[in-house]
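Work through the following exercises with the sequence and the model open side by side. Each task is followed by a solution that goes step by step.

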Amino acid sequence: MDTMRDRLAPVVSRLLDEDPRVAVVLAEIGRDGFREAERRHPDRVISVGIREQLLVGAAAGLALTGLRPVVHTFASFLVERPFEQLKLDLGHQDTGAVLVSAAASFDWPAGGFTHMAPGDVALLDTLDGWTVHVPGHPDEAETLLRHAVAAGDDKVYVRLSVQSNRQGRAVDGQHFRPVREGRSGVVVAVGPVLDAVLAATEGLDVTVLYATTVRPFDAAGLRRATQAAGTDVVLVEPYLAGTSTAAVSEALALPHRVLGLGVGRRELRRYGTIEEHVAAHGLDAASLRERIGRFADAGRRTAAHG
């Protein structure tokens, strides 16, 4: 199966042909995929070299002229390194762009910690007005890329990963999708962790919601799910653990319990494989089942003594 990132250049190249507003801004990484598009549209496919602050600044300048820039590089170079430019050139100037990242949390372990960015979504959360898509399959990535480019002049972040669920699902760029119904809690699985969550919760009486757009947070969808399943909520996110716990609390605004699972803050100082990183952060199916089970047992004990 191809990867989410494999879809990026073909999809955006077609959009360049179809829409004269679309532009692409690169910092060398990913440029090979756009060689043909660069020949066809030399004025709208731009590489700034390995200058990530300029990458975002140039995109903001293009947006101010009325173009819709799609900006791509690794997440650590797209969100963390040029964060001031995201804050000022896009946010303060109220301009929009589509940021498309790769190699986020630990997708390329051999690259070391310089090429990892598990805090990217949490960092963007400190800024106002961002839409954040986290597809879990290449088909979903293609759909959400098109949504992002078509989203007027909004600020949109599309977080691509080499980790993927086995099958794609229908996504609309807005809502959480129920994929399993239960009456003893809600588990929100974000993007590529869905398969592991479904395996971990097999036989458990819980509702599983699938989230591929996490900002804006689908508060109404979560509230609907908790009406039938109760207000014990587990978040399983493929980035920094607890990133969306505040969004859950804001959505429910009533007594609830929330467990945020995701990538830990502790730096793992060994390269390893993706699978070893997943297990080390407790995001494999066996670890998730044990952690979700402990949380559910604690809730039942609390209810029994209430």
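A residue is called buried under 20% relative accessible area, exposed over 50%, and partly exposed in between, with a 1.4 Å probe and protein chains only. The model is predicted, so local features need pLDDT of at least 70 and side-chain atom pairs count only at pLDDT 80 or more, while totals for chains, interfaces and linings use all residues. Residues are numbered from 1 along each chain as its sequence is written, and side-chain values use heavy atoms, with hydrogens and water left out.

**Exercise 1. Determine which residues of helix α10 are buried and which are exposed on the face turned away from them.**

Step 1. Helices (H or I, at least four residues) and strands (E, at least two) are DSSP runs, numbered from the N terminus. Helix α10 covers residues 245–252, and its buried residues are A247, V248, A251 and L252.

Step 2. Viewed down the axis of α10, these buried residues fall within an arc of 125°, so they line one face of the helix; the arc is that of the directions from the helix axis to the C-beta atoms.

Step 3. The face turned away from this buried side carries the exposed residues A246 and E250.

Step 4. Contact means heavy atoms within 4.5 Å. The buried residues of α10 pack against α9 (219–229), β11 (232–240) and β12 (257–263), and the helix is followed by A253, whose phi is positive, near 50°.

**Exercise 2. Describe how strand β6 is covered and with which strands it pairs.**

Step 1. Strand β6 spans residues 155–159, and five of its five residues are buried. K155, Y157 and R159 point one way from the strand, whereas V156 and V158 point the other way.

Step 2. Two strands pair if DSSP finds at least two bridges between them. Strand β4 (residues 98–102) pairs with β6 in the parallel sense over four bridges, and R159 is the bridge partner of S101.

Step 3. Strand β5 (residues 130–133) likewise pairs with β6 in the parallel sense over four bridges, with W130 standing opposite K155.

Step 4. Together with helix α7 (residues 138–149), β5 and β6 make a right-handed β-α-β unit; right-handed here says that, with the strands pointing away from the viewer, the path from the first strand over the helix to the second runs clockwise.

**Exercise 3. Locate S164 and state what its side chain reaches.**

Step 1. S164 lies in the loop between β6 and β7 (177–180), where it is partly exposed, with a relative accessible area of 27%.

Step 2. The side chain of S164 reaches the backbone oxygen of G136 at 3.4 Å.

Step 3. S164 and D195 are 31 residues apart along the chain, and their C-alpha atoms are separated by 8.5 Å.

Key
Polar contact = N/O pair within 3.5 Å; in protein donor to acceptor, adjacent residues only side chain to side chain.
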